[in-house]
Every structure is written in structure tokens, then in C-alpha cells.
Amino acid sequence: MKLFSTSLLVIFVMLLVPGSAVHELAAWLSWLSVPLEAPGSAWQHLDKLVHLLFFAVLAFTGYRAWGRRAQPWLLLGLLTFSVLTEWLQGFVPGRSTSWLDLLANTSGIGVGTWLGMLVWRERSRAR
């Protein structure tokens, strides 16, 4: 439960970081020699992958913390958290609300839950 709570807090803060800080990070990573904002660039939609990974981590750590008995509540809670953070991003300078981010969040919840179920099943077999 500690890992889930920590992940939730860290991801909440990271999702609400002002856009200027995100652009500063992108500038710092410019050593990649790939223009991060160029149209058609592979990096153009990198934030969708980040959203997917964030919510996969939350779903996986939540599943590990509470297991199958809490799965419906965990999914409902994470979907609510997803909508809430997307809505709040509309009030953060340099950030915006995005339906594609919501789709990436929901996909991440699915991936994390699926991985959590796989690990749970393997742990059950090992016992």
C-alpha cells in the first residue's frame, strides 16, 4: 500500500507540473539530437506514452496492494483520478486538457491491471 500511495502522490505532482518546466526538461534532453516538438517527430506524442506508463504503474501497484477483491473500486478510483487530473491540467499554465491523454490514461489502467493479474496468478500458483 505504501508503494501505491507514494506512486499516486508522485504522479499527481508530475501531472500538474507547469508546461514551462516540461519544456525546460525537453530542452535539457536536447542532447538526443531529435527535435522534440517537430511535426511528425516520434517524440511529438511522447506525453501519451508517459500518461500510459503513469497509470499502468498506478494500476499495477494498486492491484499488488489490494488484489482482486478491490479491483472494481481500484479501477473506478483510477478512472476518477484520471478525469480529475486531466481537468486540473486545464488550469495549469502551459498545460491543457486532452481527450487523447484520457485515452492514454485509460489504456495504462488496462495494461497495469492486466500485468497485476498476471503477477497475482503466478504468485497464487507458486503457493
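Author: Start with a contact in this predicted model. On the α3 side are His 51, Phe 55, Leu 58, Ala 59, Gly 62, Tyr 63 and Trp 66. They meet Gln 71, Leu 74, Leu 78, Phe 81, Ser 82, Thr 85, Glu 86 and Gln 89 in α4.

Reader: What makes up the contact of α3 with α4 by class?

Author: It has eight nonpolar, six polar and one charged residues. Gly counts as polar here.

Reader: Why are α3 and α4 called roughly antiparallel?

Author: Helix α3 (residues 46-66) and helix α4 (residues 71-89) pack at about 150°. Angles over 145 degrees count as roughly antiparallel. The pair is therefore roughly antiparallel. Their axes are 10 Å apart, and the crossing is right-handed.

Reader: How do you know that the length of α3 agrees with its number of residues?

Author: At 1.5 Å a residue, its 21 residues should span 30 Å. The end C-alpha atoms of α3 are 30 Å apart, so the two agree.

Reader: What makes Phe 54 in α3 buried?

Author: Buried means under 20% relative accessible area. Phe 54 is one of the buried residues of α3, and Lys 48 is another. The cover over the buried residues of α3 includes α1 (2-15), α4 and α5 (99-126).

Notes: Residues numbered from 1 in each chain as written. Predicted model: local features only at pLDDT ≥ 70, side-chain atom pairs only at ≥ 80, totals over all residues. Heavy atoms only, no water. Axes fitted to C-alpha atoms, helices over the stretch in contact; angles between N-to-C directions. Helix = DSSP H or I, 4+ residues; strand = E, 2+ residues; numbered from the N terminus. Parallel < 35°, antiparallel > 145°, perpendicular 65-115°, else oblique. Left-handed = near helix turned anticlockwise from the far one by under 90°. Contact = heavy atoms within 4.5 Å. Expected span 1.5 Å × (residues − 1). Buried < 20%, exposed > 50% of the residue type's maximum accessible area, 1.4 Å probe, protein only.
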